[in-house]
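Hi,

Here is the structure I promised to pass on. Could you have a look at it alongside my notes below?

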Amino acid sequence: MTKKYQPADSFESPRFCGVRTFMRLPYVQTTEDVDFVVLGAPFDTAASFRVGARFGPGAVRDFSILLRPYNPVRKINVFDYLSGVDYGDVPVVPGYIQESYQKIEEGLLPILEKGVVPITIGGDHSITLAELRAVAKKYGPVGLVHFDAHSDTWDSYFGQKYNHGTPFRRAYEEGLLDTGRSIQVGMRGGLYEPADLDDARRMGFDVVEMHEVQEMGIPAVIERIRNRVGDGPLFLSFDIDFIDPAYAPGTGTPEVAGATTTEALQLIRGLEGLNFVAFDLVEVLPSFDHGQITANAASNVIFEFITHLALKKKAEKEA
């Protein structure tokens with residue numbers, strides 16, 4: 001049976017034709033006959049260094065027209081099993097984080113209530129708190145798989161409790177996360193003091209620093225994630241600065257000695273079968289991108305998110 005919503009046929013219409021949507025999916029704000037939606041949350045005025053990630057959703061969409069529906073590594077045409085749309089952007093309020101949080105939460109709730117999986121493109125990482133508020137209203141506290149150069153569990157920046165360095169501390173305080181089923185991978189770079197990461201561990205997160213990833217190897221990290229998160233509902237949050245700036249320079253707070261693009265995709269692929277109910281990818285900053293290589297990496301990471309959903313549907317169909 002042909003799924004209702006799938007990308008335009010690039011053998012019939014060249015990829016450079018048409019309005020830019022993610023992967024050339026139809027731009028339709030609907031949850032009927034839909035398994036997933038891609039949407040933007042272009043809020044970036046909670047960033048502490050470079051701003052400009054408000055243009056991230058557009059940049060990722062612009063490159064994603066090169067994606068094809070068959071994933072040769074995972075041997076599946078995702079649209080044989082899924083129907084998906086580009087849902088457009090949540091109308092955030094630049095400079096006003098609480099108002100933007102309300103709009104993001106209100107935008108995601110109707111999607112989640114229908115059992116549709118949202119894949120949100122940021123925006124800076126502050127948006128994830130609003131997403132988790134919406135997810136928790138549907139699923140209760142969820143486990144977290146978090147790929148990032150930074151733990152984002154600081155208490156405040158410049159005396160402010162809400163910014164892109166604090167979302168997971170606030171989520172912990174609000175009871176949105178099951179930290180016993182949560183893991184943060186890729187932390188690196190200089191810190192102000194040891195407590196910057198120790199605080200995350202005291203909250204219950206398992207923290208795998210980037211030097212540990214390199215020492216353990218990718219298969220061992222995948223096993224550690226899978227053992228940690230169990231079978232319950234999960235949120236996957238991917239900050240593009242998890243990837244080394246040699247491969248993803250277009251981001252707000254780059255840190256050297258990160259993952260290669262290949263390693264990032266291997267890690268995500270290794271999480272097949274886990275119960276992801278929402279995803280996001282954040283901190284793409286196109287003004288610092290060169291040759292769209294950051295947008296390239298980001299769009300391919302999102303394609304792997306979609307592939308997870310397709311493989312899950314396939315397994316359910318064959319069960």
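Helix α5 (residues 195–202) lies across β7 (183–187) and β8, running at about 145° to β8. Contact here means heavy atoms within 4.5 Å, and angles run from 0 to 180 degrees between N-to-C directions, with axes fitted to C-alpha atoms, for helices over the stretch in contact. Helices (H or I, at least four residues) and strands (E, at least two) are DSSP runs, numbered from the N terminus.

Please keep in mind that this is a predicted model: local features need pLDDT of at least 70, side-chain atom pairs count only at pLDDT 80 or more, and totals for chains, interfaces and linings use all residues. Residues are numbered from 1 along each chain as its sequence is written, and side-chain values use heavy atoms, leaving out hydrogens and water.

The open sheet has eight strands in the order β4-β1-β5-β10-β9-β6-β7-β8, with parallel pairing (two strands pair if DSSP finds at least two bridges between them). Because β4 (84–89) and β8 (206–209) are at the edges with a single partner strand each, one side of each has no neighbour in the sheet. Within the sheet, six bridges join β1 (residues 36–41) to the parallel β5 (residues 117–122), and F36 stands opposite V117 in β5. Helix α9 (residues 293–318) lies across β1, β5, β9 (234–239) and β10 (276–282), at about 175° to β10.

After α7 comes G230, with a positive phi near 70°.

Best wishes
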